[in-house]
Amino acid sequence: MHSNLYSIVIPCYKSSHTIRQVVEATSQELEKLGRTPYEFVLVDDYSPDGGETLNELIRLSEEYDFVTVVELAQNAGQHNAILAGLHNAEGNVIIGMDDDMQTHPSQLSTLLEEFDKGFDIVYGYYPEKKHSLFRNFGSWVNYMSFRILIGKPKELKTSSYWVIRKFVRDYVIQYPSQHTHLQGLFLRTTRNISCVPIKHFERAYGQSGYTFKKLLGLWSNVIGFSVVPLRIARNAGVFFAIVGILGAIGIILKKLIAPTAAIGWYSMMVSVCFFSGLIMMFLGLIGEYLGRMYLGMNNTPQYVVRNVYRHADTNENREEQL
């Protein structure tokens, strides 16, 4: 018998056609595995579908006493929406899932068996992904970036399907910045992490809400967990300064050897444009760090909760309306 309370946190975005299936199939799987009691924390990330997703979530909270719904007042992004869910989760084992049946409930047993070995965090990863070529390339870039920037272990493979302990949740929700990246927060909390291969399923309905712009914005959040980009800028500056000094010495020697030799105007302009662009790029990088510090000092919120719906609350409101 397991005495843990299992909290399943699911960010929801235009998921009115799938979220009921996710909740009910996951509930059945947890019952079959004997992983009770459990709760679901469903976060509506301001879905632009005329209230269809929120209404479906509220109906679930009315029907099931283990469902809590967090309604956000504006779109906060997937990772900030998950943070909102973590703030409202009461379990000592927390499971992160998607709202589209790709993180399939049938794979829970694999994750939880690995988690029972004593790990603080367990990721499910997909040997074969059902994503587009573009999404798979983005995942590879993200994987390599985290290896370089924050020292992510080479053997650690991740996804949006994970299980964590309560102390990890307690630390993660203290993070104040608007620019959230859960993988960075998890990795700086503990290194007692494992990953297991699981099957990746097709989306049950619709398409991914991640555009190139959103994926790029999420990837850029990694700089909040690393100073490596600044060190790269410093080292690049030193390298090109040395190249410039060597080039100047070469020009002097050339003039000494062949005084009549002309110094090329085009090569000079190319050099000016190249190094000016390099300087602007690194200034922009430093500005990004400063801008995020400024937003942090201004207490820019990660998310804004409009309302929280629970089984008792929704039924009381319905009785009052009657």
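Tyr46 lies in the loop between strand 2 and helix 2. Helices (H or I, at least four residues) and strands (E, at least two) are DSSP runs, numbered from the N terminus. This is a predicted model, in which local features need pLDDT of at least 70 and side-chain atom pairs count only at pLDDT 80 or more, while totals for chains, interfaces and linings use all residues. Residues are numbered from 1 along each chain as its sequence is written, and side-chain values use heavy atoms, with hydrogens and water left out.

**Backbone angles**

- Most residues other than glycine have a negative phi, and most peptide bonds are trans.
- Tyr46 is not a glycine, yet its phi is positive, near 50°.
- Tyr46 is partly exposed, at 45% relative accessibility. Buried means under 20% relative accessible area, exposed over 50%, and partly exposed in between (1.4 Å probe, protein chains only).
- Met101 also is not a glycine and has a positive phi, of about 75°. Met101 sits in the loop between strand 4 (93–96) and helix 4.
- Met101 is buried, because its relative accessibility is 6%.
- The peptide bond from Thr36 to Pro37 is cis, with omega near -5°. Pro37 belongs to the loop between helix 1 and strand 2.

**Helix 1**

- Helix 1 covers residues 19–33, 15 residues in total. From first C-alpha to last, helix 1 reaches 21 Å, close to the 21 Å expected at 1.5 Å a residue. The expected span is 1.5 Å times one less than the number of residues.
- Its buried residues are Ile19, Val22, Val23, Thr26, Ser27, Glu29 and Leu30.
- Seen down the axis, the buried residues of helix 1 fall within an arc of 165°, so they line one face. The arc is that of the directions from the helix axis to the C-beta atoms.
- An α-helix has 3.6 residues a turn, so residues three or four places apart point the same way.
- Gln28 and Lys32 are exposed on the other side of helix 1.
- Cover for the buried residues of helix 1 includes strand 1 (6–12), strand 2 (38–44), helix 2 (52–63), strand 3 (67–72) and helix 4 (108–115).

**Helix 9**

- Ile249 is found in helix 9 (residues 228–257). Ile249 is partly exposed, with a relative accessible area of 43%.

Terms used. Contact = heavy atoms within 4.5 Å.
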